[in-house]
Amino acid sequence: MYLQTIKAEKSFLNQLETVIDRRRLLVDEPMSRHTTFRIGGPADYLILPSSAEEVAAVLSIARSHGVPVTILGNGSNVLVLDNGVRGAVVKFGETMGYIRHDGDVVIAGAGASLGDVSRFAASCELTGLEFAVGIPGSIGGAVFMNAGAYDGEISNVVSAVTAVCQSGGKLKRFTREEIRFGYRDSVFQHNDCIVCEVELTLKYGENSDIQQKMEDYTSRREAKQPIEMPSAGSTFKRPPGYFAGTLIEQAGLKGFNIGGAQVSEKHAGFIVNAGGATAADVLALIGEVQRRVHAEFGVKLHPEVRIIGEG
Ligand SMILES: Cc1cc2nc3c(=O)[nH]c(=O)nc-3n(C[C@H](O)[C@H](O)[C@H](O)COP(=O)(O)OP(=O)(O)OC[C@H]3O[C@@H](n4cnc5c(N)ncnc54)[C@H](O)[C@@H]3O)c2cc1C
């Protein structure tokens, strides 16, 4: 339990207003507005920081009031539960979406969209980020998840990250080695540090090659993935030696639904919100898919989608 009295809540909000513009501090905000699944109950507070210093200040105020903090990027890899999120959600979006470059090094605020960073790099004739053009996350979320597609992974191009660590509250610079990237994994899944700025070291390339790669990846994505429907991308991690989508399809689950949640007709690796899905529908469907795939093939599927909030 936190903020047990109205006075404590007022004190929390008053202190936040000393570091965050009131327009970037939302109360009882439906998370369905902030997730690509279009699912999720309200967050008690949603905070949109515009600098690493603001992030550090917000964390310190939350800690002193005993308010739990949840971090969100573009909400493209999360399922927020139906009762929402208690405490504060700190969302990295366009208020922290700056992108600049210094030679072959691109520097982006954690809230910059991966697509924008990829197109920015292309406009500087820098190659290495073409794979990211259709991934609908923020660059901070991409580092946290070690996002990848086709021939690339963010781990191949990240040279450093600046983060705020909740214990200590100071800015810390992580080298590539310290980030300890793995398959859909990074050190930020195992420590209490929040990615605020990402540095990417790319290579100079031929503009026409870069554009061609980006167009190729975009059309492959459009042909294969249900990008026209709300989802959180691939529901499950790739089980060693298999493809989750193929197993799910072979188990006869393409199009299978529970409430508004459906195994995509286009790509069985995606669960989509076919209309009015609740988080409970999605969780029930995830469980049923896991059960049937395990019964049929003896393979355990583990969600890639991260589950946040209260059910
Ligand atoms: C249609 C579609 C296609 C997709 N295709 C791909 C694909 O090809 N490859 C792929 O890898 N993924 C794919 N995804 C999944 C998703 O886009 C990526 O995982 C992306 O990197 C998530 O970024 P995000 O900003 O949306 O993170 P969120 O979903 O907001 O958050 C994901 C996790 O990261 C944490 N987080 C976010 N930002 C930060 C930060 N600044 N500091 C610390 N922690 C943070 C959150 O707490 C949460 O646990 C797809 C999703 C969709 C909807």
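Guide: In this predicted model, 32 residues surround the ligand. The closest are Gly73, Gly137, Gly140, Gly141 and Gly233. Helix α4 supplies the largest share, five residues. By class, the shell holds 17 nonpolar residues, 14 polar and one charged.

The buried residues of α6 pack against β9, along with α3 (114–123) and β8 (126–127). Those buried residues are Ile210, Lys213, Met214 and Tyr217. They cover an arc of only 95° around the axis, so they sit on the same side of α6. An α-helix has 3.6 residues a turn, so residues three or four places apart point the same way. The other side of α6 has exposed residues: Ser208, Gln211, Gln212, Glu215, Ser219, Glu222 and Ala223. Helix α6 has 18 residues (207–224), which at 1.5 Å a residue should span 26 Å; its end C-alpha atoms are 26 Å apart, so the two agree.

The protein chain divides into domain 1 (6–91), domain 2 (97–209) and domain 3 (226–308). The C-alpha centres of domain 1 and domain 3 lie 29 Å apart. Even so, 14 residues of domain 1 are in contact with 15 residues of domain 3. On the domain 1 side, strand β4 (residues 78–80) gives the largest share, three residues. That side divides into seven nonpolar, five polar and two charged residues.

Technical notes: Residues numbered from 1 in each chain as written. Predicted model: local features only at pLDDT ≥ 70, side-chain atom pairs only at ≥ 80, totals over all residues. Near = placed C-beta within 6 Å. Helix = DSSP H or I, 4+ residues; strand = E, 2+ residues; numbered from the N terminus. Nonpolar A, V, L, I, M, F, W, Y, C, P; charged D, E, K, R; others polar. Domains from an automatic or database assignment. Contact = placed C-beta atoms within 7 Å. Expected span 1.5 Å × (residues − 1). Buried ≥ 20, exposed ≤ 12 C-beta atoms within 10 Å, placed from the backbone. Arc of directions from axis to C-beta.
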